[in-house]
Amino acid sequence: MTIVSDANLAVPEGGTPAMAVRRKVLIGLFGFAALLTVLRPWLPEALIRLPEAMLLPWSDWLDVGFAWVQNDLGLIHVTREIASWLGFLIDAAANVLYGKSRWPNFEAMPWSVVAGCLAVLGYWLGGWKLALLAGGTMVWTALMGQWKWAMETMSVIVVAAPVGFAVGLLIGILAWRSARFEKAMRPVLLVLQTLPFYSYLLPAVIFFKVGPTAASVATIAYSMPPMILMTIVGLKKVPPEVVEAGKMAGCSRWQMLRSVYIPSARTEILVGLNQVIMLALAMVVLTAFIGMPGLGAKLLAMMNSFKLGRSFEIGVTIVLLAVTLDRLSKAWVVKQPEHFEKGTPWWQRHILLLIGVATFVVFMVLAQVIPILNEIGRRQSLSMGSEIDVAIKGFLNLSWVKETTGFIRWFFNLWILIPTERALLYVPTAAVIAVVTGFCYALGGRRPALIGVLFFSIVAGFGWWDRAMITLHSTLTAVILAMVFGMPLAVWAARRETWSARMIFVCDTAQTFPSFIYLLPAIMLFGITPFTVILSILIYTMVPVIRYTIEGLRGVPPELTEAADMSGATRWQKLWNVQLPLAMPTIAVGLNQALIFAFFMVIIAAFIGTRDLGQEMQRTLAGTQLGKNFTLGFSVVFMALTFDIAINAWAEKRRRILGLA
Amino acid sequence: MNPVISAKNVWKLFGPDPESYLKSMTAGHSFDDIRADGYIAGVKDVSLDVSKGEMLVIMGLSGSGKSTLVRCFSRLHDITGGKIEVDGQDIMGLKEVELIELRRSKMGMVFQSFGLLPHRTVLQNVAFPLEMRGQDKHSTRDRAMEVVKLVGLEGREDYFPRELSGGQQQRVGIARSLAIEPDIWFLDEPFSALDPLIRREMQDEFLRLQAMLGKTIVFITHDFDEALRLADRIAIMKDGAVEQIDTPDKIVLNPATDYVAKFTEEVDKARVVHASVLVEDGSMGKGEPVAADATILSLARRLINDAADVIPVQMPDGNVKGMPRQAALDILLGEAK
C-alpha cells in the first residue's frame, strides 16, 4: 500500500529523542496494522469488521432529529416562506430569459439582445477579447439550438449567485466582527467545503421540493463558503492607517463599514463573487440529479443514452459559459476606475452605457422584424450532433484505437485497480485506521493523528465501511496517478517562464470548468466502465497537481537556484536538493486540493455505476432518507478532512522550518 | 493659558490584561522588566502639555512609542493608565458619539503611508470627513476644492490616488486632514515615506501652511534634523518614555541624557541655536541690535568682525539684551580646546 511507503519516507534516520519516540510510535502503528493483516484468516469476524450489533443507528437518530426540526420546530414553515420568495425571483428571471409561462409574465428576451448586451459588457470590462468571448459564447449557444437549456441554467445562476454573494458577505462581516462567531464558523465551513453534493441536494429537495427552487437553494448553500472566507480575509487586510484615517474622519460604525472597510476590501470581495459564480455554475449543472432542467439535465440525458455528439456540443457550451463567466467576473476584479479630463461631456463619460442601451433597443426591434434573431428553432440550428456522434464512434471503432483503449483499460483494471481494491477491502478495519493514524502522525504530529483515529473510527461506526473503502481507493489511486503523470509534466514546464505561464493559464481555465464536464472525455474514450471513473478523477485532479507544482518550483527564490548553479550542481541535483524541497509545501497544498477534488468527483461518478458511498447516496435522492444521506455524506467529509488536516499541518510546519511563512 | 492637550502619567501597555497588570506593578519597573512579564510598554508614564498654536515634535526611533502616544491623544488607542485632557475634557470619559463629534470638529490627522481610500478621487478623499459629518453637498464640494487648492493640487482633483506620486498623495492626506478646519493637527511621520528631495519641499510647504493656519500641532518623526527644522519644542522618546522635552536650542545646548546626546553630537549647533537663547542680563552691548530669531550661523560675519564682548539682541518683548560674543563664537567654531 502506497500510504505506508509515503509515511516511511517521512521517518528520519537516527536523530533526537523526540525523533526516537516518533519512530517507535510509527513502528508500533504500522506493525500493528501489518500484524492484523497477516493474521486476518485466523481472526474472528468481529475483529475484521465492526459487527452489526455494535453499529449505532445513526441514520434513524438523524431522521428523528430532522423530523423534529422540520415539523415540531417549524423549520418547514420557514423554508416554505423562503421558497415562495426564491420561487418568485426565479420565475421572474426565467420569464425574462426564456419566457416561462407563469406570473410575472414577461416576454422572453431575444437571444440576440442578450448576446449584444453581454458583448458590450465584455468590452467595458476587458476590451475586444472579452467582448468576442461573451458575445461569441451566446451566439454559439443560440446557433447550436441550446438557447433554452442554457437560459434555464442561467435563470438559477442569476438568482443564486447574487443571493449567495449577499448572504456570504453578511455572514463574513459578522464573522469578522465577532471572533467567537468566526471560531464557530471555521469548522462548519470546512465541512461544507468537503460535503458531497448529494448532501446538498437531498435536504434541498426535502425542504424545497423538486425543481428550480430546490436547485437554487442547493446552489446558494454550495457556493457560499468561499464568499464568507474571502470577505473575512479582505476585511482583515484593510491597512490599519486607512482604518485610522476613517476613524479620525469621525466615521460612525456603519460609515466605517460602508465607506471604509467594504470599498477597501473590494478586490477580495469581488474574488469571492467570482468563486460564488463559478461554484454556482458547477452546482447548477449537478442539480440535474434533482430534476432541474437545463444544460446539466440535457448533458446527463445525452451521456446516459451514450449520444456522444450531442454531449460533446453541450459540454462545449458549458465550458464556454464557464470561461465567459470567469473572465468577466475576474476582469471586474482588476477593473480600476478611470478619471475623465475636466469638461468631458456626460455622453462621453457614459459612452458604453449608451452603446449598451442602443444595442438593446436595436436588437429588440430587429428581433421583431427578423425572427431568426429572436429565436433559433431546432430545425434551423447548426447542431451537428449526430454527425459528430458518428465520427467519434467511428474513431473509437478503428481497430488500433480500440486495441489501445482496450489495452489501457485491461492493464489498469487487472494490474492496478482490482488488486489494490481487493487488498484494501481485505485489510481489517482496525489496521486501516492504524495506518491512517500513522500517516497523519508522520505528517502532522499528535493532533492530526488523534483527529485521524477519531474521524476514521466514526466512519467505521457509521456502518458503510466497505463502500467507504472503495471511495477511498478510487480517490487515492486517482490522485497518485495524477501525481505520477502530472508532476513530471509540471517539472518540465517549470523550466521555462513561458511554458509555465502557458501551463498555468491552461490549468486556471480548466479549473473553471464544472466538475461534471470532466466525465465527458473519459466516457468518450472508455465508455461506461470502472476505469472511466478513475480516469475522470485523474484528469480533474491533475489540474491542481500541475498548477501547484509549477507554482512551487517557480516560487523558489532565484538566489537559491543561482547558489546551487554556482556550487556546480547538475540539473537533477538542483531539482532534488534545492527546488523540490523548497517547493514541497506549495505542492502539498496542491495535493490537498487534488484530494478534496477527488472526493467530490468520485461521488459524481456514481452515476456511471460505482459500488461506493456515492452510489448509495444517489439512491437516497429518490426518497426522504435524510439520515442515511447524511451518514454517507459525513463518511466522505470525515475521510476528506482527515487528509486535509494532516497535509495542511505538514505544509505549515515545513513552511515554518524553511522560513517561508 | 490652558494647554490644548494635557497628558498626565499616561501609560499604554499591550498584553493579555494590561489594566490589572498596571495596578499590581511596583513603581520603577523598567521597559525590559515589563517585557519579561509578557507586556509591552508602548507609552510609559508620559506627562506633557501642548499649548495653543504650538508645534510639538515627538522624535524617536522605531519602537520608541511615539506613534502610540499620538494615537492615545486622539484615542485611536485607549490608554491603560493616567489621564489625557483635550481642551479640558477627559477624553477617556467620552462616549462613542462624543468622541466621533470631537474628531469631526476638532482633530485632523496625517498618516505615514497616507491612508487614502483607493476607490475615491482626490476630491472625494478630501471631502470624506465632511461627508461623514453630513455636511451638505454644495458646501462640501466648495470646501474640499478650497483645501485642494491650498495644498497645490488644483487640476488633479479627479485623479485617483494610484495615479499620483508619493508627494502628491501626501498632499491629499494633508488636505483631507485640514478639510474640517481642525484646531489640533496630528501628523504621524508624514514625510518619512518620501524621497529626500520631495521631503524637503514638503517641509517647506508645511511651514508655509502652518504660518498661514497657526494650528496646534503634534508632529511625529524619526528624523532629528526634521525635528530641529520644524519644532517649537521637541520631545525625545525612548522605550515608551520621554527622555527630554524642550526647545531645539536647549536640547542641542544641554542634552539631558546620553541617549539624547547621541542625536545632538552630529548636529551643526550654529544652524540651530538662536541669538535670543544666549542673551544674559547685564550689559546690552553697542551698535545695531541683531534679531532674536537669527541663528548663530547667520550672524557669523558680525561675530567675527565685531570686536565687542557683548552683541545687542532685539528681543521679541521690545527690550534689547546682550549676547556674550565668546559664547556665540564657541557655538560657531566649537569650544576652544
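**View 1. Strand β1 of chain B is a mostly covered strand.** In this predicted model, β1(B) runs over residues 5–14, and seven of its ten residues are buried. Let us start here and look at its neighbours on either side. With strand β4 of chain B (residues 81–86), β1(B) pairs in the antiparallel sense over five bridges. To find this pairing in the structure, look for K8(B), which stands opposite K83(B) in β4(B).

**View 2. Strand β2 of chain B also pairs with β1(B).** The two strands run in the antiparallel sense, and seven bridges join β1(B) to β2(B), which covers residues 40–50. Two facing pairs make handy landmarks. S6(B) stands opposite D49(B) in β2(B), while L13(B) has A41(B) of β2(B) opposite it. As a reminder for reading such views, strands of a sheet pair through backbone hydrogen bonds, either parallel or antiparallel.

**View 3. Four strands of chain B form an open sheet.** Their order is β2-β1-β4-β5, with antiparallel pairing. Which strands stand at the edges? They are β2 and β5 (89–90) of chain B; each has a single partner strand, so one side of each is left without a neighbour in the sheet. When you follow side chains along these strands, keep one general point in mind: in a regular strand the side chains alternate between the two faces of the sheet.

**View 4. Chain A meets chain B across an interface.** Here 24 residues of chain A are in contact with 31 residues of chain B. Together the chains bury about 2400 Å², with 56% of that area on carbon and sulfur atoms. On the chain A side, the residues that lose the most area to chain B are E241(A), M248(A) and H339(A), which together account for 30% of what that side buries.

**View 5. Salt bridges and polar contacts cross the interface of chains A and B.** Two salt bridges are found there. In one of them, the side chains of R253(A) and E96(B) meet with an N to O distance of 2.8 Å. Seven residue pairs across the interface are in polar contact. Helices α11 (240–248) and α12 (253–264) of chain A each supply at least two residues of the side that touches chain B. The largest share of that side, seven residues, comes from α11(A). Sorted by class, the side of chain A that touches chain B has nine nonpolar, eight polar and seven charged residues.

**View 6. R75(B) has a positive phi in a loop of chain B.** This residue sits between α3 (66–73) and β4 of chain B. Is R75(B) buried or exposed? Its relative accessible area is 16%, and R75(B) counts as buried because that value is under the 20% cut-off.

**View 7. D239(B) has a positive phi too.** You will find D239(B) in the loop between β9 (233–238) and β10 (241–246) of chain B. Phi of D239(B) is about 50°, although the residue is not a glycine. With 29% relative accessibility, D239(B) counts as partly exposed, because that value lies between the 20% and 50% cut-offs.

Note on methods. Residues are numbered from 1 along each chain as its sequence is written. Chains are lettered from A and ligands numbered from 1 in the order in which they are written. This is a predicted model: local features need pLDDT of at least 70, side-chain atom pairs count only at pLDDT 80 or more; totals for chains, interfaces and linings use all residues. Side-chain values use heavy atoms; hydrogens and water are left out. Buried means under 20% relative accessible area, exposed over 50%, partly exposed in between (1.4 Å probe, protein chains only). Two strands pair if DSSP finds at least two bridges between them. Contact means heavy atoms within 4.5 Å. Buried area is the accessible area (1.4 Å probe) that two parts lose on being put together, summed over both. A salt bridge is a side-chain nitrogen of Lys or Arg within 4 Å of a carboxyl oxygen of Asp or Glu. A polar contact is a pair of N or O atoms within 3.5 Å; within protein, one must be able to donate a hydrogen and the other to accept it, and residues adjacent in sequence count only if both atoms are side-chain atoms. Ala, Val, Leu, Ile, Met, Phe, Trp, Tyr, Cys and Pro count as nonpolar, Asp, Glu, Lys and Arg as charged, and the others, Gly among them, as polar.
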